[in-house]
Number of protein chains: 2
Amino acid sequence: MHTKYLEDFEPGQIFRTRGMSMDESEIMDFARKYDPQPIHTDREAAAEGPFEGLIASGWHTGSMVFRLWVDLGFMEKSSLGGPGIENLRWLVPVRPGDTLHTEVEIIEARPSKSKPDRGILRYITRGINQRGETVITMDSASFLKRRPENVE
Amino acid sequence: MHTKYLEDFEPGQIFRTRGMSMDESEIMDFARKYDPQPIHTDREAAAEGPFEGLIASGWHTGSMVFRLWVDLGFMEKSSLGGPGIENLRWLVPVRPGDTLHTEVEIIEARPSKSKPDRGILRYITRGINQRGETVITMDSASFLKRRPENVE
């Protein structure tokens with residue numbers, strides 16, 4: 001764990017996480033709680049459905065991809081939450097057995113004008129499967145603390 | 001469960017779901033798996049943090065609010081998945097003990113030009129707490145089947 005503050009990020013940086021495999025039981029477990037549609041929870045119905053088999057909930061994919069980024073530990077002591085997400089796109093279905101990793105590309109690290117102790121980090125988050133296909137992409141933002149020694 | 005097809009939706013309709021309470025153990029359970037930041041998993045650290053206490057992961061809130069919408073059952077037989085989300089905003093922290101319900105406002109139900117059996121439904125999804133505060137809002141879209149009798 002090595003906390004990064006706002007000043008430690010700059011546009012163009014790309015961070016790549018470790019991978020995480022998604023198995024059928026976890027896909028169904030998430031969906032039973034948070035997205036109980038047959039394409040995520042019913043193997044037989046899903047086989048007859050538009051994706052010809054079970055796929056992960058898009059919320060599951062998004063959460064998992066975000067978790068891999070959190071696991072890098074950069075924001076553990078510096079995060080002040082996030083305002084929201086833009087342009088979230090589910091591009092390729094995630095199926096049992098797929099392994100995802102996350103790439104984060106930094107777009108902007110801008111100090112706040114009104115609050116000198118913080119700023120906003122904007123970044124593109126991409127989830128990528130074992131075939132190199134981007135399965136999800138979104139424009140994310142986080143409020144981050146500035147380095148303590150830079151704050152008056 | 002009463003499936004709704006594309007033709008069953010029209011702009012201006014508002015659907016309101018039942019409520020669901022979020023307790024501390026579920027907030028921490030989700031976060032341990034999908035968003036293991038101290039503000040979601042460490043009661044002591046969270047008390048010292050920017051929200052002065054544990055709050056739910058934004059991914060958890062989004063997933064729960066979506067699940068309440070799924071539970072209405074409208075899309076069980078008609079959904080063909082979704083392309084993505086725009087303008088997701090976390091507006092108010094969700095804390096242990098809060099009860100959320102979902103309101104869905106239909107914006108557009110437009111038949112596909114190229115695929116006569118389906119169309120796209122656009123809607124605003126809002127998660128609302130027990131004080132009537134909107135805690136999350138997002139612009140959602142789903143691909144939906146048209147009524148079978150309307151498809152040649």
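In the predicted model, B:Glu52 is located in the loop that connects helix 3 (43-48) to helix 4 of chain B. Its phi is positive, about 55°, although B:Glu52 is not a glycine. B:Glu52 has 12 other C-beta atoms within 10 Å; since a residue with 12 or fewer counts as exposed, B:Glu52 is classed as exposed. In chain A, the loop between helix 3 (43-48) and helix 4 holds A:Glu52. The phi of A:Glu52 is likewise positive, near 50°, in a residue other than glycine. A:Glu52 is exposed as well, with 12 other C-beta atoms within 10 Å.

Chain A contains four helices and five strands. Along the sequence these elements follow the pattern β-α-α-α-α-β-β-β-β. The C-alpha trace of chain A spans about 60 × 25 × 25 Å along its principal axes. Of the 152 residues of chain A, 39% count as buried. Among the contacts in chain A with a separation of 6 or more, 73% are between residues 24 or more positions apart.

Helix 4 of chain A comprises 14 residues, and the distance from its first C-alpha to its last is 20 Å, close to the 20 Å expected at 1.5 Å a residue. Burial is assigned at 20 or more other C-beta atoms within 10 Å. By this criterion 13 of the 14 residues of helix 4 of chain A are buried, so the helix is largely enclosed by the rest of the structure. A:Gly73 follows helix 4 of chain A and has a positive phi, near 85°.

The strands of both chains contribute to one open sheet of 10 strands, in the order 1(A)-3(A)-4(A)-5(A)-2(A)-2(B)-5(B)-4(B)-3(B)-1(B), with antiparallel pairing. Strand 1 (14-21) of chain A and strand 1 (14-21) of chain B are the edge strands, each of which pairs on one side only. From one strand to the next, the twist averages 20°. Within chain A, strand 3 (residues 99-111) and strand 4 (residues 118-128) run antiparallel and are joined by 10 bridges. In this pairing, A:Pro111 stands opposite A:Gly119 of strand 4 of chain A.

Helix 4 (residues 58-71) of chain A packs on the sheet, where it touches strand 1, strand 2, strand 3, strand 4 and strand 5 (134-145) of chain A. The direction of helix 4 of chain A makes about 65° with that of strand 3 of chain A. In chain B, helix 4 also packs on the sheet and touches strand 1, strand 2, strand 3 (99-111), strand 4 (118-128) and strand 5 (134-145) of chain B. Here too the direction of helix 4 makes about 65° with that of strand 3 of chain B.

Strand 2 (residues 84-90) of chain A and strand 2 of chain B run antiparallel and are joined by four bridges. A:Ile85 has B:Leu88 as its bridge partner in strand 2 of chain B, and A:Leu88 stands opposite B:Ile85. Strand 2 of chain B is also joined by four bridges to strand 5 of chain B, with the two strands antiparallel. In that pairing, the bridge partner of B:Glu86 is B:Asp139 of strand 5 of chain B.

Across the interface, 27 residues of chain B are in contact with 27 residues of chain A. On the side of chain B that touches chain A, the elements giving two or more residues are helix 4 (58-71) and strand 2 (84-90) of chain B. Helix 4 of chain B gives the most to this side, with eight residues. By class, this side of chain B has 13 nonpolar, nine polar and five charged residues.

Chain B can be superposed on chain A with an RMSD of 0.0 Å by a turn of 180° and a shift of 0.0 Å along the axis. The two copies are therefore related as by a two-fold rotation axis. The C-alpha of chain B nearest this axis is that of B:Glu86, 2.5 Å from it. The same surface serves both copies, with 100% of the contact residues of chain B recurring in chain A.

How values were computed. Residues numbered from 1 in each chain as written. Chains lettered and ligands numbered in written order. Predicted model: local features only at pLDDT ≥ 70, side-chain atom pairs only at ≥ 80, totals over all residues. Contact = placed C-beta atoms within 7 Å. Nonpolar A, V, L, I, M, F, W, Y, C, P; charged D, E, K, R; others polar. Pairing = 2+ DSSP bridges. Axes fitted to C-alpha atoms, helices over the stretch in contact; angles between N-to-C directions. Least-squares fit on C-alpha atoms with pLDDT ≥ 70 in both. Expected span 1.5 Å × (residues − 1).
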